[in-house]
Amino acid sequence: MEFDDKRLERERRTIEKMVGIYCADHHGLSDARLCEECREFLDYAEVRLEKCPYGEDKPTCSNCPVHCYKSVYRERAKAIMRYAG
């Protein structure tokens, strides 16, 4: 995915790193690959980030008035961010 905005690109890299940490420690893939569940979540997160209506003015997700993740993905994001953050 291509992101024009530096902030959105930084957020994309951050979530990618956090998912990688979480997946490696919880799902045990040793060669830097993501399991299917984590790959699905990361793909979903990237699409949501790409479609963010705030663009370069995007607030952090916890401070955002728009909750764009479906509830199951929101809970998964919280678990990943708590663990890897």
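Mentor: What follows starts with helix 1 and then turns to its partners. Keep in mind that this is a predicted model.

Begin with the geometry. Helix 1 covers residues 6-27, which is 22 residues. At 1.5 Å a residue, that length should span 32 Å. The end C-alpha atoms are 31 Å apart, so the model agrees with the expectation.

Now the buried residues. In helix 1 they are Leu 8, Glu 9, Glu 11, Arg 12, Ile 15, Met 18, Val 19, Tyr 22 and Cys 23. These residues pack against helix 2 (36-50) and helix 3 (71-84). Glu 11 deserves a look of its own. It sits in helix 1. Not counting residues up to four places away in sequence, Glu 11 touches Leu 49 and Lys 58.

Compare Gly 20, also placed in helix 1. With 27% relative accessibility, Gly 20 counts as partly exposed. Gly 20 and Asp 57 are 37 residues apart in sequence, and their C-alpha atoms are 26 Å apart in space.

Next, the contact with helix 2. Helix 2 has 15 residues. From its first C-alpha to its last it reaches 21 Å, close to the 21 Å expected at 1.5 Å a residue. The axes of helix 1 and helix 2 come within 10 Å. They cross at roughly 165 degrees. Angles over 145 degrees count as roughly antiparallel, and helix 1 and helix 2 are therefore roughly antiparallel to each other. The crossing of helix 1 past helix 2 is right-handed.

Who meets whom? Helix 1 brings Leu 8, Glu 11, Arg 12, Ile 15, Glu 16, Val 19, Tyr 22, Cys 23 and His 27. Helix 2 answers with Cys 38, Phe 41, Leu 42, Ala 45, Glu 46 and Leu 49. By class, this contact has 10 nonpolar, one polar and four charged residues.

His 27 is part of that contact, and its place is in helix 1. At 32% relative accessibility, His 27 counts as partly exposed. Leaving aside neighbours within four places in sequence, His 27 is in contact with Tyr 22, Cys 35 and Cys 38. Take Cys 38 from that list: it lies 11 residues from His 27 along the chain, and the two C-alpha atoms are separated by 9.1 Å.

Now turn to helix 3. Its axis and that of helix 1 are 9 Å apart, and the two helices pack at an angle of about 85 degrees. Helix 1 and helix 3 are therefore roughly perpendicular to each other. On the helix 1 side, the contact is made by Ile 15, Met 18, Val 19, Ile 21, Tyr 22, Asp 25 and His 26. On the helix 3 side, it is made by Ala 79, Ile 80, Met 81, Tyr 83 and Ala 84. By class, there are 10 nonpolar residues here, with one polar and one charged.

Ile 15, Val 19 and Tyr 22 are named in the contact with helix 2, and these residues are also named in the contact with helix 3.

Now the partners themselves. The buried residues of helix 2 are Cys 38, Phe 41, Leu 42, Tyr 44, Ala 45, Glu 46 and Leu 49. They pack against helix 1 and helix 3. The axes of helix 2 and helix 3 come within 11 Å and cross at roughly 105 degrees. Helix 2 and helix 3 are therefore roughly perpendicular to each other. Glu 37, Glu 40, Phe 41 and Tyr 44 of helix 2 make this contact with Tyr 73, Arg 76, Ala 77 and Ile 80 of helix 3. By class, it has five nonpolar, no polar and three charged residues.

Finish with Phe 41, which is found in helix 2. At 0% relative accessibility, Phe 41 counts as buried. Setting aside its neighbours within four places in sequence, Phe 41 is in contact with Ile 15, Val 19, Tyr 69, Tyr 73, Arg 76, Ala 77 and Ile 80. His 26 is 15 residues from Phe 41 along the chain, and their C-alpha atoms are separated by 14 Å.

How values were computed: Residues numbered from 1 in each chain as written. Predicted model: local features only at pLDDT ≥ 70, side-chain atom pairs only at ≥ 80, totals over all residues. Heavy atoms only, no water. Helix = DSSP H or I, 4+ residues; strand = E, 2+ residues; numbered from the N terminus. Expected span 1.5 Å × (residues − 1). Buried < 20%, exposed > 50% of the residue type's maximum accessible area, 1.4 Å probe, protein only. Contact = heavy atoms within 4.5 Å. Axes fitted to C-alpha atoms, helices over the stretch in contact; angles between N-to-C directions. Parallel < 35°, antiparallel > 145°, perpendicular 65-115°, else oblique. Left-handed = near helix turned anticlockwise from the far one by under 90°. Nonpolar A, V, L, I, M, F, W, Y, C, P; charged D, E, K, R; others polar.
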